[in-house]
Amino acid sequence: MSAPLVRLEGIDKGFGGQRVVDRLDLEIGQGEFLSLLGPSGCGKTTLLRMIAGFETPDRGRVVIDGIDMTGVPPYRRPVNMMFQSYALFPHMTVRDNVAFGLKQDGVDRREIERRVREILDLVKMGDHADRKPAQLSGGQRQRVALARALVKRPKLLLLDEPLAALDRRLREHTRLELVNLQRELGITFVIVTHDQEEAMSLSSRVAVMNGGRIEQLGPPALIYERPASRWVAQFVGDVNLFAGRITQCNGSGLTLDTPDAALLAEAGAAPLATGSDAWLAVRPEKIELFPGTERPDGFANVIAGALVDVGYLGNLSVYRVAVGSGATVVATLANRRPYPATGLDRGAPVWLAFTRDSGVVLTA
Amino acid sequence: MTGWRPGWREAAILLPLAWLALFFLVPFLIVLKISLAEPILAQPPYSPLLVWPEGGGWPALGARLDNYLVVLQDDLYVRSLLNALRIAAVSTVVMLLIAYPMAYAMARAPKNWRPALLLAVILPFWTSFLIRVYAWIGILKDEGFLNHALMSVGLIDQPLVIMNTDWAVHIGIVYSYLPFMILPLYATLERLDLTLLEAAADLGAPPWKSFLQVTLPLSLPGIVAGSLLVFIPAVGEFVIPDLLGGSDTIMIGKTVWIEFFQNADWPLASAIAVTMLVVLVAPLALLRRGLHG
């Protein structure tokens, strides 16, 4: 890998005695699309603002493109930001808003005109150049804000919850456009979001943040399929956690003794000590559901239970099943047959089944 | 859905209109009427607008424009009007230069400080306007506090002659009207979205450039409101030039007073008042039309 575009080294930041970012290290590569994902108050926005230069870390260094930018004001950084509120200048037209950044750099007037037109066409706002922000819809404002942040061709574009103000339909559409735009321009994007679906669909890597630290960093599929901790597993998507004790762990697999059953799973790269406490995390859609009393064959893990209730979501149904230990296990099944399925009344006996490679063993 | 009953909405609009009619339009029409009369030695001291012929029949209109001719032709009135406009304009600019940084600092002060700062701006109103202007005599006169202080520090060895000059009038107006400039400026600056300044900085504008390109244009409504609020009453100001100004500081408000009370020429005084109003309102009406396309 070539030298990273951004290197954050040992960043500490607090507000009024409250530690918001805690000894954080992060490297962002050239051309990457990185999501900072976490609940509100996890420090993701503060981190973004430190890269932009609006906040100065209490300790640590912000290195952008090989240059230490820790104390450099925002107007001297090769970085642009798209604000959550868009922060369009209300007294300027769309054209003047987009031209603003180029004017500060003293770019030639004809060149400004050309580049503004080019970028407005790219975000399909060319016909609205003479409007004021108040005359635009939310989606149009979002495009103008994006154009304004992109027109200076920054090395790094920071996006603070860029889709939060859009309605659902528009958000899904805009997501695709953002990904295409990022590929087309080759600019490094760093996006802050609390929406895991957004982080999943947009980014090449996701940094899951909690309490000012990065809990896990990796490609979206890895975060979802191989979460590093219970916290990550629960924050990103839904998960069933079976608590138990490891009774066997070797090259062929791992056995976790739980109140409901001895569950089998693949052994991770690092061997785990037998006798230690652990959790098996299984995603609801990886669990199969069988009605009736006959135990299904061909699964490493089978647990008996009784159906508590069913949530019908159209394409999916969410089945909540009470198991022997008193816990409730959730299984999500696609409605491939017309709903309601036969034999799945409330209180009916069901079998929950999943394969050996469906679960992840977690010790934290 | 409750919805407005149409009757209430119209009443709500009517209320300010009624106020304006009762306390502005009617008095103005009376003044306009008097300005078309001629002074007579009677009670009231002006000729009636309608002269009823003895023995019945249609009344004759007793309107004359003589007073306006006097106002426009006599150098004194034109000069005092121009003088008032000049003093008010200079004072307005000085107030803007003082008030803007103050309002800016107030708007950027910690939120829990702001009520106290706002109170400090309004506090002088607790004392009578007249007393505050009187107090300035004590400060500005030849043997007053200012000269005393400057001489004891050794900055000057002769007292500065400020009292009874245009300087004193400017100082008095700036001091008295400053809160009316600060408050609308503060209101617009306090509302200013600070993310806009972050956006400007992010796009490469150092603080002074983002002030000129973002803060200043967005506070323009406050600048206009504040300037009008101080400029218009300052033009007609009578007390300050009377108490602090010299005999050669002739402002239009003082001239009106002299005509009314010293010369008892109500029609001429009314004509001056009407002329002043037209001079002030006409440019504003044009400005409004210009602003609103």
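Visitor: How many salt bridges does the rule find across the interface of chain B and chain A?

Guide: In this predicted model, the rule finds one salt bridge across that interface.

Visitor: Why is the meeting of Arg49(A) and Glu198(B) called a salt bridge?

Guide: The rule asks for a side-chain nitrogen of Lys or Arg within 4 Å of a carboxyl oxygen of Asp or Glu. The side chains of Arg49(A) and Glu198(B) meet at 2.6 Å, N to O. That distance is within 4 Å, and therefore the pair is called a salt bridge.

Visitor: What area is buried between chain B and chain A, and which atoms contribute?

Guide: About 1700 Å² is buried between the two chains, and carbon and sulfur atoms give 62% of this area. Glu198(B), Asp202(B) and Leu203(B) supply 40% of the area that chain B buries against chain A, more than any other three residues.

Visitor: What makes a residue of chain A count as buried, and how many do?

Guide: A residue counts as buried if its relative accessible area is under 20%. Of the 364 residues of chain A, 49% count as buried.

Terms used
Residues are numbered from 1 along each chain as its sequence is written. Chains are lettered from A and ligands numbered from 1 in the order in which they are written. This is a predicted model: local features need pLDDT of at least 70, side-chain atom pairs count only at pLDDT 80 or more; totals for chains, interfaces and linings use all residues. Side-chain values use heavy atoms; hydrogens and water are left out. Buried area is the accessible area (1.4 Å probe) that two parts lose on being put together, summed over both. Buried means under 20% relative accessible area, exposed over 50%, partly exposed in between (1.4 Å probe, protein chains only).
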